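Grab a pencil and work through these exercises. Each one has a task, then a solution in steps.

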Amino acid sequence: MKLLEGKRILVTGVANRWSIAAGIARKMHEHGAQLAFTYQGERVKASVEEIAAELGGGPVIECDVSSDASLAAMRDALAAHGKLDGLVHSIAFVDKASLSGKVYEIPRDGFKLSMDVSSYSLIALVQTLRETLNDGASVLAMTYLGATQIVPNYNLAGIAKAALESIVRYLAFDLGERGIRVNAISAGPIKTASSRQVGGFSKILEIVPKVAPLKRNITIEDVGNVAVYLTSALASTITADVHFVDAGYHAMGMYPPDVTL
Ligand code: 0WD
């Protein structure tokens, strides 16, 4: 059964085939969605174009979410392709120096940039595309446990995710009158270009399968499956939610006694 037949969805945040957004796009394509993609800059353009070609050949449009002009140009380029039933926000940036060390050492400029790209960008995208989104559309953002719990080294990324999760809830309220749903997926750790910047990330990947109830890490396809569900009519009453896709890790209050780390 295809859950997204006839739906048009804009996927942001594909950098390469290991990106979470690439896993989401692949599963959405399998479920019959027509996809459009944004990419940030020439560095990733060819790789996003290649992935888009594999997944239905939809439009690939440049968009740097920290630039209002770039957002407006993206909206104008997208206009020729019709309206949207879904929007996937899979974007974050935190300077590597703020993904280890002490939170009290984070500089003001780095803080502003991370909050702009990782958190405000969800507001910016919705603001830019609010006339392009159909009533009843779904908006999805990517978050992590470090938003609400201390995950050593996640630091500024966690602070930005806390804001992002709050933005998800307030946007859900604002857009609810149009039947537009806004949710976040809180994914377990997955090796990508972004996550590799987090201090001690390979250790995090070792710990999760020892501690999580399902005793495994998760994949971008696992996230994609849940993104399909949340974007589909099956989830038509779910909004303002943070949905964990982490093999149950978030629910553990203590490591199992037999675990050696
Ligand atoms: O363990 C993980 N990988 C997790 C990631 C666990 C839980 C959540 N997440 C989140 C990330 O915080 C992010 O919000 O998932 C989202 C996607 O991250 P990813 O797939 O792990 O990482 P990556 O493949 O690097 O994609 C993030 C992309 C950027 O990639 P690069 O590698 O080029 O920095 O965000 C995009 C960019 O494509 N991006 C921007 N897009 C538009 N404008 C901007 C920008 N200014 N900055 C970064």
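**Exercise 1.** Within what distance do the axes of helix H1 (residues 20-30) and helix H7 (residues 220-231) come, and at roughly what angle do they cross?

*Ground rules.* This is a predicted model, in which local features need pLDDT of at least 70 and side-chain atom pairs count only at pLDDT 80 or more, while totals for chains, interfaces and linings use all residues. Residues are numbered from 1 along each chain as its sequence is written, and side-chain values use heavy atoms, with hydrogens and water left out.

*Solution.*
- Step 1: helices (H or I, at least four residues) and strands (E, at least two) are DSSP runs, numbered from the N terminus.
- Step 2: axes are lines fitted to C-alpha atoms, for helices over the stretch in contact, with angles from 0 to 180 degrees between N-to-C directions.
- Step 3: the H1 and H7 axes come within 7 Å and cross at roughly 55°.
- Step 4: that angle makes H1 oblique to H7 (under 35 degrees is roughly parallel, over 145 roughly antiparallel, 65 to 115 roughly perpendicular, and the rest oblique).
- Step 5: H1 passes H7 in a right-handed crossing (right-handed if the near helix is turned clockwise from the far one by less than a right angle, left-handed if anticlockwise).
- Step 6: from H1, the contact (heavy atoms within 4.5 Å) uses Ile20, Gly23, Ile24, Lys27 and Met28. The H7 side includes Ile220, Val223, Ala227 and Val228.
- Step 7: sorted by class, the residues of this contact come out as 7 nonpolar, 4 polar and 2 charged. (Ala, Val, Leu, Ile, Met, Phe, Trp, Tyr, Cys and Pro count as nonpolar, Asp, Glu, Lys and Arg as charged, and the others, Gly among them, as polar.)

**Exercise 2.** Now do the crossing of H3 and H4: which hand does it have?

*Solution.*
- Step 1: helix H3 (residues 68-79) and H4 have axes that come within 10 Å and cross at roughly 40°, so H3 is oblique to H4.
- Step 2: the crossing is right-handed.
- Step 3: Leu71, Ala72, Met74, Arg75 and Leu78 of H3 meet Ala124, Leu125, Thr128 and Leu129 of H4.
- Step 4: the class tally for this contact is 7 nonpolar, 1 polar and 1 charged.

**Exercise 3.** Find the aromatic pairs: how many does the structure hold?

*Solution.*
- Step 1: rings of Phe, Tyr and Trp (its six-membered ring) pair if their centres lie within 6.5 Å; planes under 30 degrees apart are stacked, over 60 edge-to-face, and the rest tilted.
- Step 2: there is 1 such pair. Tyr144 and Tyr154 sit edge-to-face, 4.7 Å centre to centre with 65° between the planes.
- Step 3: both tyrosines lie in the loop between strand E5 (133-143) and helix H5 (155-175), so the pair ties together parts that are 10 residues apart in sequence.
- Step 4: Tyr144 is buried at 13% relative accessible area, and Tyr154 is buried at 11% (buried is under 20%, exposed over 50%, partly exposed in between, using a 1.4 Å probe and protein chains only).

**Exercise 4.** Which phi value does Asn153 have, and which does Lys215 have?

*Solution.*
- Step 1: Asn153, in the loop between E5 and H5, has a positive phi of about 80° though it isn't a glycine. With 25% relative accessibility, Asn153 is partly exposed.
- Step 2: Lys215, in the loop between helix H6 (201-211) and H7, has a positive phi near 55°, and it isn't a glycine. Lys215 is partly exposed at 48%.
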